[in-house]
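Trainee: Could you take a close look at one part of this model with me? I'd like the cut-offs spelled out as we go.

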Amino acid sequence: MSGLEQWNWYLDGWIIVAGILCAVSSALLGNFLVLRKMSMLGDAITHAILPGLAAAFMISDSRSSLPMFLGAVIAGILTALFTEWIRGFGKVDEGAAMGVVFTSLFALGLVMIVQAADHVDLDPGCVLYGAIELTPLDTILIAGWEIPRVVVVLSIVLLINLLFVIFFLKELKLSSFDPALATTTGFNSTIIHYALMTLVAITAVASFETVGNILVVAMFIVPPAAAYMLTDRLGTMIVISAILATLAAATGHISAITVPRWFGYQSTSTAGMMAVAAGLLFAVAALFAPRHGIVVVLIRRQILAWKILAEDIIALMYRIEERNPQLKPDATYLREILFSQSVPTSLTLRYLTKHGQLSDSNGNYELTETGRDHARQLVRSHRLWEHYLVEHAGMSAENIHKQAEKLEHFTDRQLREKLNEDTIATDQDPHGRPIPPEEKTN
Amino acid sequence: MNNKQNPAHTPQVELPPEETPVSVYDLTVAYHRKPVIWDVSFEIPPGKLVGIVGPNGAGKSTLIKAIMGLIPKASGRVQIFGKPYQKNRHRVGYVPQRESVDWDFPVDALDVVTMGLYKEIGWCLPVRKKHRARAMEALERVGIADYAHRQISQLSGGQQQRTFLARALVQNADLYLMDEPFAAVDAATEKAIVQILQEMKQAGKTALVIHHDLQTVPEYFDYVILLNMRVIDHGLTAEVFTPENLQKTYGGRLTLLEEATETMRRREQSL
Amino acid sequence: MKPFVLVFLFASFWPECLILAATETGTIQTQQSITDRSIAIPEWNDWKRVFLLKDYNTRIVVFGTTLLGMAAGMIGSFALLRKRALMGDALSHATLPGIAIAFIIATGLGLDGKTLPVLLAGAAVSGLLGVATILLIRNMTRLKEDAALGIVLSVFFGAGIALLGIVQQMKTGHAAGLESFIYGKTASMVASDAWLIGCAGLSCMLISLLLYKELTLLCFDEGFAVSRGFPVILLDMTLMGLVVVVTIIGLQAVGLILMISLLVIPPAAARFWTEKIVNMTVVAIILGALSGMIGSAMSAIFPNLPSGAMIVLVATAMFLFSMVFGIPRGILIRKLRRHELNRKVNRQHLLRGLYEFLEARGRLKEKQSSESTFVPLSKLLQMRSWSLAKLKKIVKRAQQEQLVVALQEDQLRLTKAGLLEATRIVHEHRLWELYLITYADVAPSKVDQDADAIEHVLEPEVIAELESLLVQQSTEGILQSPHTIEIHQEETKARHSSRRRST
């Protein structure tokens with residue numbers, strides 16, 4: 001049993017919509033928190049809005065939105081301000097200042113909520129991890145449609161965040177990248193900073209009924225962090241983070257219903273599973289991102305090592321041929337010169353044979369015509385580099401061979417030409433061996 | 001074609017390795033896969049004050065840190081008195097750059113100097129009076145004993161530098177590695193440091209000092225290493241510290257070499 | 001005992017004294033309705049019971065939280081100095097899934113899932129997993145530490161919440177017991193729990209005491225520690241391990257969200273009272289102990305106040321007090337010192353103004369009593385951007401210090417001591433100007449401002465050095481000013497005000 005047979009398009013549909021709205025509006029702002037290295041300030045603010053919320057409840061005796069937003073925005077801005085003050089006036093390390101401020105405010109809020117519990121129906125648990133499952137029940141009538149109140153609120157917040165990001169993209173970009181420059185060119189990065197913090201507080205308030213004020217941190221930070229692993233461009237990053245947030249919200253709710261059934265339990269907290277889903281998406285992105293992923297980086301390093309080995313082999317073959325055209329070396333002979341491991345060497349030899357650079361006659365290898373072309377260019381690079389290093393870098397002749405060895409693998413035709421121009425016209429390298437021509441001369 | 005090289009000015013008499021304070025062979029170090037120093041090789045004779053000179057970004061700090069194994073080397077070998085650094089660590093005193101620590105830290109100058117003795121005191125054992133007395137002696141030697149109980153942020157830049165120097169002195173090492181001890185210090189401190197260096201030399205100790213001010217090189221050091229990603233030359237100051245060598249060190253950057261290094265990095269990333 | 005500890009002890013106890021005093025008068029209470037959960041002022045007997053630790057339960061709770069506060073204060077000091085304050089935050093959130101899984105597994109094996117050691121073992125495993133994940137993300141990807149903390153914190157917490165949702169459905173599991181880990185529930189502490197906290201806390205303190213100098217070196221200068229051959233990675237792991245242990249033993253008392261505050265707030269507050277790391281640790285331990293003690297006692301007296309939050313709020317109150325009144329690093333004392341400096345600067349400006357005025361008119365050598373050595377206030381007013389009221393205040397202070405005498409309302413004259421002081425000040429000012437011109441390539445027209453900004457904070461040794469450096473120029477005794485002194489010009493005023501704007 002999957003649990004989905006109880007799927008109710010009305011209830012579950014609205015839950016997913018609320019989740020998506022919350023996740024996307026958080027992720028939009030989260031991009032800048034991650035880029036500005038202020039993720040933990042986001043965390044601090046979401047904790048610290050608690051007393052603001054509690055005060056609003058106590059004063060207005062209800063969950064009406066306006067006092068709630070006001071209270072939370074004030075609390076949010078105060079967090080940023082207090083942190084700044086304690087850091088500045090008290091000369092306390094920023095992390096510690098943040099820790100002092102948000103835990104104190106959170107504790108204050110907790111005490112207030114416990115005191116207010118008689119007047120208002122407000123469960124501390126609900127504040128922490130939301131009650132997204134109940135959101136479809138609290139509806140308001142808009143243009144004849146019954147729409148959950150939370151969805152309406154979150155839509156407005158999403159719209160505000162979207163407009164903020166679109167209209168101030170350039171300012172946000174600049175002030176995230178270089179606050180000093182932003183200020184000197186006339187964008188006040190302090191204002192941008194506090195505007196961002198205000199919106200973070202507003203978003204956190206709007207989200208607390210859905211995912212609660214701690215799990216909203218997951219929505220703020222995790223999708224943008226995953227997006228940051230996947231791309232180098234800010235615009236793309238924002239779009240990807242929104243897509244990932246949507247995915248996390250949807251899969252989060254579905255897995256909250258289905259996964260516990262596998263173990264024989266009822267459904268569990270959607271908010272919790274949304275955070276977990278976002279975490280899994282991040283893990284996949286961090287491991288397998290095409291350019292920056294952990295696995296990819298490791299593989300790339302390995303491939304590079306093999307590629308260098310392959311080039312070393314054919315360059316060595318060329319040199320052997322140069323000296324003694326009759327000698328057809330075998331794997332052991334090559335390995336002794338190159339100090340390479342046996343498995344990679346034989347694998348590389350097989351690869352080179354398959355790609356037509358070497359021909360294999362019973363374990364003895366010989367360069368093919370294409371292989372020889374390739375090798376000639378490598379050796380040319382190598383000897384040009386040796387030449388350059390002797391001439392310009394004042395390096396002693398016995399040292400240069402090794403250095404050129406490293407460089408030759410990264411020298412394309414263009415750089416080779418520059419090298420050629422930069423070195424005195426010669427056809428001999430510093431060791432007195434000929435520098436092969438660029439093209440085959442027959 | 002100019003194939004004449006500047007062979008390393010190695011000492012005339014071959015010393016046994018355990019008497020060579022520092023010998024470096026083919027040392028290459030890379031930060032984030034971008035090589036900072038390439039194939040650096042040199043040996044330092046004992047009892048010399050050695051200046052390491054080179055432009056910004058030439059890898060001077062990197063060289064010193066790599067000698068001590070603070071950063072991993074891509075290739076090469078470093079020996080201190082004929083053994084790997086780890087074996088002869090007790091014979092090396094290190095004076096890091098002043099910016100490397102948070103000076104707001106709640107310790108006073110004497111505490112900082114005592115840190116040089118922590119290894120000697122041993123695990124889990126407390127600092128004793130005799131250790132403090134030794135630290136105080138070191139502070140006296142650098143001339144700031146009066147400030148021993150000042151919190152370190154209340155010391156002037158020169159005094160902070162001298163505190164670091166005292167911390168190295170207290171170890172009574174045979175080889176001192178100093179990362180820009182003369183950077184932004186007052187004249188009194190500079191004089192005090194030079195004095196200490198001379199005393200060290202008289203006691204047969206060796207100091208490897210990163211230095212910025214070219215004018216004072218011949219005055220302070222009797223041996224120099226000219227560094228710009230690789231060793232341009234090294235040897236007695238009188239022989240090596242020539243305008244021609246300086247031109248090579250500071251003049252014309254190796255644009256193509258840098259370009260290739262850059263390509264190497266890019267290619268590795270985009271492969 | 002060091003005076004600051006005494007000040008501190010007094011400062012932290014006085015609110016209690018006040019409360020005690022207040023209750024004696026307020027013991028007559030009206031009958032309360034049962035449903036009213038607002039804070040009731042308890043009877044005198046309740047106070048007595050709590051403060052004399054008559055209650056077995058209270059005794060346990062106070063004992064446990066006090067020890068917890070001490071351990072957290074000590075370990076937290078190192079974490080703070082290592083700039084790892086927020087690591088504790090991420091770590092404590094990361095313990096939640098471990099607690100839930102430990103409960104599920106223990107129940108599955110037929111054990112009582114709610115025993116503290118089982119739950120704490122789960123918390124430790126998932127806390128360490130959290131630390132490992134943070135390090136992995138920070139070192140292997142392009143993300144920075146803050147993002148790594150945020151990711152681990154929120155995702156682990158989310159997983160914990162999801163698991164709690166399942167625990168709630170288990171037959172044996174009233175999840176209420178587990179949920180108390182989120183907010184903390186000191187009242188549920190039993191003797192064995194307190195012993196566990198006590199033993200673990202004391203061992204943490206003992207370990208950090210044994211490794212005191214190594215940990216200090218690690219926090220201060222990691223590079224040097226490596227160069228001396230200390231196993232820095234191992235030490236770092238030890239420190240993080242200690243943070244994990246303290247965090248998990250604090251879960252029950254203050255809850256995982258507020259646990260970080262016990263690790264951060266007492267050490268941060270202690271930093272305001274001292275410049276020595278040993279004293280800082282001692283003060284942090286005392287502060288932590290007091291927060292635990294007072295917080296849990298208050299929560300025992302007022303059953304409606306959640307214990308974890310109260311412990312934190314007590315700690316916060318101490319932090320605020322320390323931040324404002326702390327000596328030598330509190331805000332007030334620093335403001336006071338700044339004020340002193342401003343006074344000194346103003347006095348020096350006044351004296352220099354008088355001196356330069358006389359010098360420009362060649363009246364310096366004249367006898368001090370003669371008429372011509374008087375300077376009218378209005379002339380001084382032109383030389384600097386002072387308001388009349390401010391100038392008068394400065395003059396008055398200088399009069400008290402017997403540096404100047406005023407003849408009438410607006411006539412000033414230097415006393416003998418004043419002239420001596422003025423000569424010294426002008427000399428130093430000009431030395432510095434000369435230095436700037438000779439060595440720092442500052443244009444003579446601008447040098448006055450630059451010298452102005454620095455000269456007041458020069459130490460005697462720097463002056464001596466300047467003297468020796470500029471020995472040729474300074475043989476004459478008092479130096480000539482390297483620029484023309486503008487005394488009458490309105491520009492002076494304009495220049496100073498423009499400088500003020502630009503700074």
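How much area do chain A and chain C bury between them, and what percentage of it is on carbon and sulfur atoms?

Mentor: First, some housekeeping: this is a predicted model, where local features need pLDDT of at least 70, side-chain atom pairs count only at pLDDT 80 or more, and totals for chains, interfaces and linings use all residues. Residues are numbered from 1 along each chain as its sequence is written, chains are lettered from A and ligands numbered from 1 in the order in which they are written, and side-chain values use heavy atoms, with hydrogens and water left out.

Now your interface. The size of an interface is often given as the accessible area lost when the parts come together. Chain A and chain C bury about 4,900 Å² between them, with 74% of it on carbon and sulfur atoms; buried area here is the accessible area (1.4 Å probe) that two parts lose on being put together, summed over both. On the chain A side, A:Met40, A:Gln115 and A:Tyr265 supply 12% of the area that chain A buries against chain C, more than any other three residues.

Counting by contact (heavy atoms within 4.5 Å), 62 residues come from chain A and 58 residues from chain C. As for charges, the rule finds 1 salt bridge across this interface, where a salt bridge is a side-chain nitrogen of Lys or Arg within 4 Å of a carboxyl oxygen of Asp or Glu. C:Arg142 and A:Asp232 pair their side chains in a salt bridge, at 2.9 Å from N to O.
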